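Welcome! Please have the structure open as you read.

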Amino acid sequence: MSNSLYDFGMIGLGVMGRNLLLNMADHGFSVIGFDKDATKTSALESGATAGTTVKGVAELAAMIQLLQRPRRIMMLVPAGQPVDDVIESLLPLLEPGDVVIDGGNSHYTDTLRRVKYLKEKQLHFMGIGVSGGEMGARTGPAIMPGGDPEAYEKVRPMLEAIAAKVKGEPCVAYLGKEGAGHYVKMVHNGIEYSIMQQISEAYALLKAAGLDNDKLHEVFRTWNEGALQSFLVEITADIFLQKDDKTDARLVDVISDKAGSKGTGKWTSQDAMDLPVAIPAIDTAVSLRTISAYKEERVQAAKIYEAPAGGINTPVDTWIQQVHDALYFGTILSYAQGLAMLYQASAELKMEIPLPQVVKVWRGGCIIRSVLLETFSTAYQQSPELPNILLNKEVAKLVQGIETNTRTVVAQAAQVGIPAAGIMAALSYFDAYRTERMPTNLVQAQRDYFGAHTYQRIDMPGTFHTVWEQH
Ligand SMILES: NC(=O)C1=CN([C@@H]2O[C@H](COP(=O)(O)OP(=O)(O)OC[C@H]3O[C@@H](n4cnc5c(N)ncnc54)[C@H](OP(=O)(O)O)[C@@H]3O)[C@@H](O)[C@H]2O)C=CC1
Ligand SMILES: O=C(CO)[C@H](O)[C@H](O)COP(=O)(O)O
């Protein structure tokens, strides 16, 4: 440790802050963390690998004094007011040129505001998305930095050291200007919501065919060895085997079906509407978490509306393959919608988000890591400005190979009344996207009829209005 000063400081020693700091220490950096809670500072020190330099303090000023200059400080605190509070408490303690990083799930508009505010005070502020949960933070997360490129150079060696590695490449790269890091993380989480929703639908569709938890484990484990190989499918396989420590049941069977959320999926949908860009699979996943909270109403409705008669009559092995393909389809469409959103946002919000780098970063460490991202990475290497991954020939071949089975699953789900809105939304988006002439000419006619909103014609340029005849 040069001059007895530490290389890096962390504010907030919760799940992410503690583990990320210990990861840095494991890579040879001397680190210091601040948390008001003394149990957290001791947990940091006791979690350190022998021979690493890790210190926990309960005074912010003490940490600041012990950092090398320019100081490199990250906060991992809840998004919103806590981030502003931390910034205010830091301001009297810092000097021009110091680098402050928000590594939490902040809204990118807050990050834009903070970048500007700290720039006025000659401080560098970066919004960095981190994904991988507790284990990822400790052993190698995906890291999505955006903002000040000069500041990024000051923390790049550390971030590259601690990030997950795929084929020897670190899962971190500079992902664009100002709020880009948090924007990319927000969309990452939107995709995460969508894929998780569709996995839950695959679970329901397989359960409806009589698969028990052991068989579900086996199916998801097998899927994780093929085209669907991903972190989310891998953990899903594990979940089916987990025993409850309070009853004789499997834990998954005693977990309430009300899904929680912290907001990043909702932000993705809200921002998509504002851009505008269509991400209905992600929107549906957000809405389904909301419907999951209507427990009491759903119980009442279940008594009023019986499910349609009949069940899944397809031979079970065929059905498993069909559901596999529907989930694969939905997964591709979830990435396609999220990446299309980033493409559009990059231009509209002038963030210069490099999509080839985004998919490379997502290949490892993060919650949405999957083997599919290798295919997308190749696609973006061929055409970095691809507006939608569905336009790539290799992706098209994949989609065409699973389209029929997806339609079969959606039709069956509708017929027997199994809610599969995420996969259905993915298919509906696909059908609209691949339709040369949509029926929205009629929408234009209606708008002009009732509101003189005008329309364009297909056979001549210009804007037209008609006085529509009533019949
Ligand atoms: N958990 C996860 O899997 C992931 C979380 N994130 C994001 O990372 C951030 C941190 O999450 P996580 O580590 O899980 O959260 P935790 O709740 O585990 O830790 C948050 C830490 O922030 C501290 N804190 C809260 N408010 C303040 C404040 N005003 N000033 C100083 N410190 C404060 C808390 O200290 P104390 O309790 O002592 O008050 C606590 O140590 C969030 O934005 C989250 O969304 C990102 C990726 C994954
Ligand atoms: O950022 C993450 C992973 O990438 C978090 O785990 C995420 O915040 C979980 O979100 P939610 O609680 O809304 O499901």
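This is a predicted model: local features need pLDDT of at least 70, side-chain atom pairs count only at pLDDT 80 or more; totals for chains, interfaces and linings use all residues.

The crossing of α13 and α19 is right-handed. Helix α13 spans residues 280–292 and helix α19 spans residues 421–433; their axes lie 8 Å apart and meet at an angle of about 160 degrees. Angles over 145 degrees count as roughly antiparallel, which means that α13 is roughly antiparallel to α19. In general, it takes both the angle between the axes and the distance between them to describe two packed helices.

**Ligand 1**

Next comes the surroundings of ligand 1. Its shell holds 20 residues, and V15, M16, D35, K40 and N105 come nearest to the ligand. Sorted by class, ten residues of this shell are nonpolar, five are polar and five are charged.

On the backbone side, G14 places a polar atom 3.3 Å from an oxygen of the ligand, and a backbone N or O atom of V15 lies 2.9 Å from a ligand oxygen. From its side chain, D35 brings a polar atom to 2.5 Å from an oxygen atom of ligand 1. On its own, ligand 1 has 890 Å² of accessible area, and the protein covers 70% of it. Two elements, α1 (15–26) and α4 (81–90), each give two or more residues to the shell.

**Ligand 2**

Which residues surround ligand 2? Among them are N105, S131, K185, H188, E192, S261, K262, G263 and I367, together with N189, Y193 and R289. By class, this shell has two nonpolar, six polar and four charged residues. Helix α8, residues 180–208, gives the most to the shell, with five residues.

| Residue | Atom in the residue | Distance to an oxygen atom of ligand 2 |
|---|---|---|
| N189 | side-chain N or O | 3.1 Å |
| Y193 | polar side-chain atom | 2.5 Å |
| R289 | side-chain N or O | 2.8 Å |

How much of ligand 2 does the protein bury? Taken alone, ligand 2 exposes 380 Å², and the protein buries 78% of that.

Definitions and conventions: Residues are numbered from 1 along each chain as its sequence is written. Chains are lettered from A and ligands numbered from 1 in the order in which they are written. Side-chain values use heavy atoms; hydrogens and water are left out. A residue is near a molecule or strand if one of its heavy atoms lies within 4 Å of it. A polar contact is a pair of N or O atoms within 3.5 Å; within protein, one must be able to donate a hydrogen and the other to accept it, and residues adjacent in sequence count only if both atoms are side-chain atoms. Accessible areas come from the Shrake-Rupley method with a 1.4 Å probe; for residues, only the protein chains shown count as cover. Helices (H or I, at least four residues) and strands (E, at least two) are DSSP runs, numbered from the N terminus. Ala, Val, Leu, Ile, Met, Phe, Trp, Tyr, Cys and Pro count as nonpolar, Asp, Glu, Lys and Arg as charged, and the others, Gly among them, as polar. Axes are lines fitted to C-alpha atoms, for helices over the stretch in contact, and angles run from 0 to 180 degrees between N-to-C directions. Angles under 35 degrees count as roughly parallel, over 145 as roughly antiparallel, 65 to 115 as roughly perpendicular and the rest as oblique. A crossing is left-handed if the near helix is turned anticlockwise from the far one by less than a right angle, and right-handed if clockwise.
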